[in-house]
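Student: I have a protein model open and would like to learn how to read it. Can we go through it feature by feature?

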Amino acid sequence: MSAISPSPETDPAAIVAEAEKAVARIGEAKADIARVIFGQESVVERALVTILAGGHGLLVGVPGLAKTKLVDTLGTVLGLNARRVQFTPDLMPSDILGAEVMEQSADGVRAFRFIAGPVFCQLLMADEINRASPRTQSALLQAMQEYHVTVAGQPHDLPRPFHVLATQNPLEQEGTYPLPEAQLDRFLMQIDVHYPSLEAERRILLETTGAGEAKAKGVLNGEELAAIQTLVRRMPVGESVVEAILTLVRAARPADGGAGDDLQRLIAWGPGPRASQALMLTVRARALLEGRLAPSIDDVLALAEPVLQHRMALTFAARADGHTVRDVIGRLKSRIG
């Protein structure tokens with residue numbers, strides 16, 4: 001009796017061969033991004049991990065840190081049809097999703113026609129998303145989760161792959177609205193963008209204020225990216241990594257009374273199973289980004305903060321005592337490190 005050959009979806013040799021090709025292509029993309037974006041290696045890595053994992057990212061930082069430029073560069077390098085929406089307080093949901101208009105043909109017949117909004121693209125740059133009203137922010141919820149929108153009762157599918165990379169100013173600035181928790185949970189990761197180092201800022205000054213400036217070029221395309229995203233989901237994950245993810249996420253939830261954990265008592269509400277799913281995908285994507293065929297516990301530790309920090313909140317007493325979400329996550333990480 002002949003042995004049954006493994007399918008390409010589960011054949012380890014096929015996965016290794018695909019992974020090697022993907023690593024080479026991703027390396028080319030990273031090198032081209034580095035020609036344009038300086039001194040933000042961690043931000044670039046996390047943005048790429050978000051897209052390779054098939055999710056949406058929220059970039060948080062003060063204006064002028066190249067958040068918009070990064071998203072624009074990613075769209076060019078990854079070969080995606082990208083569009084940009086500048087969120088303002090007077091932006092309406094129809095400005096993003098589109099609307100139906102009444103048209104009259106030459107023979108006098110009237111009918112509605114749907115005019116697609118800017119959300120019908122492969123990479124949507126939602127610039128300063130927290131400057132729009134909650135009503136407009138919520139218009140993205142269905143698109144981000146279900147990959148289609150409903151206008152006048154009719155569903156309209158979005159192109160695939162579809163990603164939202166939103167930028168956000170700190171909430172302390174005037175004219176901003178906090179994002180609803182339900183929408184925050186749809187973002188795979190929150191990527192904090194900090195000020196560049198001295199050497200990075202020196203390079204920025206020298207290379208972006210002259211007559212010539214580096215321009216990104218296309219490396220991948222939508223089909224290649226979709227194939228890599230499928231590969232990420234096929235990558236094996238060891239039992240130790242699965243246990244580390246479960247331990248970390250479940251420890252980030254509030255204590256349910258009784259003796260409880262003193263650290264968990266600081267937490268008002270914590271991440272749900274979607275956070276566990278996000279970590280499972282992002283650790284695989286990070287491993288592939290670094291040329292490895294399987295994730296490790298180090299990947300879990302590296303991505304714990306960007307995956308969890310926007311999915312949990314501390315109690316008033318904890319905040320009054322000076323505790324922060326990042327500090328709590330750091331203490332939770334020490335238990336599995």
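Tutor: Start with Asp299, which is buried, with a relative accessible area of 0%. Buried means under 20% relative accessible area, exposed over 50%, and partly exposed in between (1.4 Å probe, protein chains only). This is a predicted model, so local features need pLDDT of at least 70 and side-chain atom pairs count only at pLDDT 80 or more, while totals for chains, interfaces and linings use all residues. Residues are numbered from 1 along each chain as its sequence is written, and side-chain values use heavy atoms, with hydrogens and water left out.

Student: Which residue forms a salt bridge with Asp299?

Tutor: A salt bridge is a side-chain nitrogen of Lys or Arg within 4 Å of a carboxyl oxygen of Asp or Glu. Here the partner is Arg292, with the closest N and O atoms 2.7 Å apart. Arg292 is partly exposed, at 26% relative accessible area. Both residues belong to a network of salt bridges that also links Glu45, Arg286 and Glu290.

Student: How many salt bridges does the rule count?

Tutor: The count is 18. Take Arg35 and Asp32, whose side chains meet at 3.0 Å, N to O. Asp32 is buried, at 2% relative accessibility, whereas Arg35 is partly exposed, at 36%. Another case is Glu28 with Arg25, where the closest N and O atoms are 3.0 Å apart.

Student: Why are Glu28 and Arg25 separated by about one helical turn?

Tutor: Because they are three residues apart in helix H1 (residues 12-34). Helices (H or I, at least four residues) and strands (E, at least two) are DSSP runs, numbered from the N terminus. Glu28 is partly exposed, at 41%, and so is Arg25, at 24%.

Student: What is a nonpolar core?

Tutor: It is a set of buried Ala, Val, Leu, Ile, Met, Phe, Trp, Tyr and Cys residues joined through side-chain atoms within 4.5 Å. The largest one here has 71 residues, and Leu70 and Leu288 have the most contacts inside it. Helix H10 (residues 273-289) gives the most to this core, with nine residues. Apart from this core lies another, of 29 residues, among them Val60, Leu97, Ala166 and Phe187.

Student: Which residues is Leu288 in contact with, leaving aside its neighbours within four places in sequence?

Tutor: Contact means heavy atoms within 4.5 Å. The partners of Leu288 include Ala19, Val23, Ile228 and Met235.

Student: Which residues of helix H3 are buried?

Tutor: In H3 (residues 67-77), the buried residues are Lys67, Leu70, Val71, Thr73, Leu74, Gly75 and Val77. Their cover includes H1, helix H2 (41-52) and strand S1 (57-60). After H3 comes Gly79, whose phi is positive, near 70°.

Student: How many cavities of 30 Å³ or more are there?

Tutor: A cavity, on a 1 Å grid over the protein atoms alone, is a set of points where a 1.4 Å probe fits but cannot get out; lining residues have an atom within 4 Å of a point. The count is one cavity. The largest cavity has a volume of about 40 Å³. Its lining includes Ile37, Gln40, Lys67 and Leu70.

Student: Where is Ser276 found?

Tutor: Ser276 is in helix H10. Ser276 is buried, at 13%. Not counting residues up to four places away in sequence, Ser276 touches Ile245 and Val249.

Methods
On a 1 Å grid over the protein atoms alone, a cavity is a set of points where a 1.4 Å probe fits but cannot get out, and a pocket is an open set with protein on both sides within 12 Å along at least five of seven lines; lining residues have an atom within 4 Å of a point. Grid points are joined across faces, edges and corners, and a volume is the space filled by probe spheres set on the points.
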